[in-house]
Amino acid sequence: MNSVELWLLFVGVGIGTFAIRLSFIQLHGSLSFNMAKCQKVFSLLAPAVLAALSVPAIIFQQGNTMATQSGAQLVAAAVTALWAWYSKGVFWPLMAGMGTFWLIKFYYF
């Protein structure tokens with residue numbers, strides 16, 4: 001892929017992303033859009049983003065699969081998942097998961 005095609009790809013993805021966000025903003029501005037109906041979806045957005053960011057990083061790290069991962073990552077992921085399930089938030093589960101990971105790395109590896 002040459003540089004012109006790469007720039008066209010960047011511009012196309014930028015226009016697509018802008019169009020998606022603009023359509024949602026326009027939908028919010030219309031009279032038929034009810035914010036109360038979307039509250040349940042918005043409440044699930046943060047855990048979905050957390051899972052989308054963390055699961056690939058845990059399972060597929062540097063070309064390895066889950067079978068070759070260290071136990072520290074899996075234990076930290078389990079602590080994060082349990083804390084997120086209990087607290088229904090994102091920030092404190094992330095802090096608990098990172099703390100667990102670094103404690104395990106510091107004491108056992």
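## The lining of the largest pocket

By class, the lining of the largest pocket holds 16 nonpolar, six polar and no charged residues (nonpolar means Ala, Val, Leu, Ile, Met, Phe, Trp, Tyr, Cys and Pro; charged means Asp, Glu, Lys and Arg; the others, Gly among them, are polar). A pocket here is an open set of points on a 1 Å grid over the protein atoms alone, where a 1.4 Å probe fits, with protein on both sides within 12 Å along at least five of seven lines; lining residues have an atom within 4 Å of a point.

This is a predicted model, in which local features need pLDDT of at least 70 and side-chain atom pairs pLDDT 80 or more, while totals for chains, interfaces and linings use all residues. Residues are numbered from 1 along each chain as its sequence is written, and side-chain values use heavy atoms, without hydrogens and water.

## Where to look

The largest pocket contains about 580 Å³ of space. Of its 22 lining residues, Ser54, Ile58, Ala76, Ala77 and Thr80 are the closest to its centre. Helix α3 (45-59) gives the largest share of the lining, eight residues, and α3, α4 and α5 each supply at least two.

## How α4 and α5 pack

Helix α4 (residues 71-87) and helix α5 (residues 91-108) pack at about 155°, with axes 8 Å apart. They are therefore roughly antiparallel to each other (an angle over 145 degrees).

In the contact (heavy atoms within 4.5 Å), α4 residues including Ala76, Thr80 and Trp83 meet α5 residues including Trp92, Leu94 and Phe101. The residues of this contact divide into 12 nonpolar, five polar and one charged.

Key: Axes are lines fitted to C-alpha atoms, for helices over the stretch in contact, and angles run from 0 to 180 degrees between N-to-C directions. Helices (H or I, at least four residues) and strands (E, at least two) are DSSP runs, numbered from the N terminus. Angles under 35 degrees count as roughly parallel, over 145 as roughly antiparallel, 65 to 115 as roughly perpendicular and the rest as oblique. Grid points are joined across faces, edges and corners, and a volume is the space filled by probe spheres set on the points.
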